[in-house]
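Reader: I am new to reading protein models. Please show me how to go through one feature at a time.

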Amino acid sequence: MAPEPRTCVRVLVIGGGYVGLYTALRLQQRLKAEIRKREAEIVVVSPEPYMTYQPFLPEAAAGAISPRHVVVSLRRVLADCQIVVGEATSIDHARRTATLSTPATEENGRTEQLSYDELVLAPGSVSRTLPIPGLAEHGIGFKTVEEAIGLRNHVLEQMDIASSTRDPALRDAALTFVFVGGGFAGVEALGELEDMARYAARYYHNVKPEDMKWILVEASDRILPEVGAEMGRYTVTELRRRNIEVRLKTRLESCADRTVVLSDGARFPARTVVWTAGVKPHPVLAATDLPLNGRGRLRCTPRLGVDGVAHAWAAGDAAAVPDVTAKEPGRETAPNAQHALRQARVLGDNIVHALRDEPLETYAHKYVGSVASLGLHKGVAHVYGRKLKGYPAWFMHRVYHLSRVPTFNRKARVLAEWILAGLFTREIVSLGSLEHPRAEFELAAGGKASGDPKGSF
Ligand SMILES: Cc1cc2nc3c(=O)[nH]c(=O)nc-3n(C[C@H](O)[C@H](O)[C@H](O)COP(=O)(O)OP(=O)(O)OC[C@H]3O[C@@H](n4cnc5c(N)ncnc54)[C@H](O)[C@@H]3O)c2cc1C
């Protein structure tokens, strides 16, 4: 960690996601001379030393992209910044000090205090859960690369369980996959995983695609609001055509004892419950002295400063940024990558303007629509007023995200993977045992293997 005291201007960036990475990158480019002369330094604090390109998580779960290629090394991209692996646990902006918990804290119990001059708060969001019986024990989210790969392994392990038992109740539970939440994350994850499992079934002598039950549960009367009502309806029809049950106006009420109970009265055993029913701002925001709106996001100005507070800035999922392009007053920009990426660039520029006493820029971006993948060669899009379905939408999804994923290196690797996957067959191996690397040795050494039993969450 950087030694104190110091004489240069320190910009502290909390979070190494979309906003954290792109803001630090902009600052690194625009303050190059000051960094070289040690007049400025940029410190990025992130729990992981990498940025996760979340739109690629469904393809990582399907095995179309390797986990390593869904993440971008912060140390490599932000070579002129200082990367601290850790988490901000509280921020006292009045004293310009952040308290950090780092991997060393786990060893010695001591947190670190880091002072700063300018603060960028971008910890993103976390899954918005409800106190549903069994959810904490058996559910899994879909926001991190660990969850995406864990889910891929889990689905393949359920197929192994079903294939190796004569117990019909266990087989049914293993082959029932429930996804709660019909937004981007839920629909894309379900679409990609169902497609992968359908393909994998051809290598099982006793598991057929029609033996599996894939269910999407959505509380409202539509899915994928990001692509508009018409494309949302098309997606429902398309999923149902694939034998996926789409249950609209339905809520999950319980999944205790691995029995799913829905608000429409349905009750069935299921060993997989994926929770993608929305996000809420990161709870660390409540451990700051900065103003929050009613939904827990940081109150920001259109110039991306925290409202009424000097030297504090925010953007992305954690920030309530007024949408100056909206017709109705009081609207905020939606929590998505499209805004996060563009806000980060304006945010980086505005910090430089503020340091140089120049006028600040206003963030203005009109939402241009979205693309979503529903499995290999299947997709839906509504972009710049144009609506696309099936293969063209899927192709557009790939082209768009390939152009967006950071670094040329990542783009080349992802493209190479897609080309190879097109030439050869898909990978259908579950490597769930990677999550318990000591199990084999513990058994050999006479101990009891630790970790979860195969295929359980
Ligand atoms: C599966 C999935 C698919 C998606 N697909 C799309 C899409 O196709 N199009 C689209 O526009 N959007 C999509 N999104 C949404 C998009 O990824 C987010 O809106 C975007 O990542 C928000 O950027 P952010 O920087 O605010 O947060 P994040 O990118 O989530 O970054 C937050 C970072 O802060 C770190 N952090 C958290 N707490 C702390 C702490 N206490 N201290 C330090 N660091 C902390 C986190 O570890 C993380 O690295 C998708 C999201 C998911 C989950």
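Predicted model: local features only at pLDDT ≥ 70, side-chain atom pairs only at ≥ 80, totals over all residues.

Reader: Which domains does the domain assignment of the chain give?

Author: Domain bounds come from an automatic or database domain assignment. Here domain 1 is 9-47 + 86-127 + 280-355, and domain 2 is 135-277 + 369-423. Their C-alpha centres lie 32 Å apart.

Reader: How many residues has the largest nonpolar core?

Author: A nonpolar core is a set of buried Ala, Val, Leu, Ile, Met, Phe, Trp, Tyr and Cys residues joined through C-beta atoms within 7 Å. Buried means that 20 or more other C-beta atoms lie within 10 Å of a residue's own; exposed means 12 or fewer, partly exposed is in between, and C-beta atoms are placed from the backbone. The largest core here has 121 residues. Leu 12, Val 13, Val 44, Leu 298, Ala 314 and Ala 315 have the most contacts inside it. Domain 1 and domain 2 both give residues to this core, so it lies between them.

Reader: Leaving aside neighbours within four places in sequence, what is Val 13 in contact with?

Author: Contact means C-beta atoms, placed from the backbone, within 7 Å. Apart from those sequence neighbours, Val 13 touches Gly 20, Thr 23, Ala 24, Ile 42, Val 43, Val 44, Val 120 and Ala 122 by this rule.

Reader: Which residues come nearest to the ligand?

Author: A residue is near a molecule if its C-beta atom, placed from the backbone, lies within 6 Å of it. There are 33 residues around the ligand, and Gly 15, Gly 17, Gly 124, Gly 316 and Ala 337 come nearest.

Reader: Is Asp 257 buried or exposed, and is Leu 304 buried or exposed?

Author: Asp 257 counts as exposed, because it has 10 C-beta neighbours inside 10 Å. Leu 304 has 27 C-beta neighbours inside 10 Å, so it counts as buried.

Conventions: Residues numbered from 1 in each chain as written. Contact = placed C-beta atoms within 7 Å.
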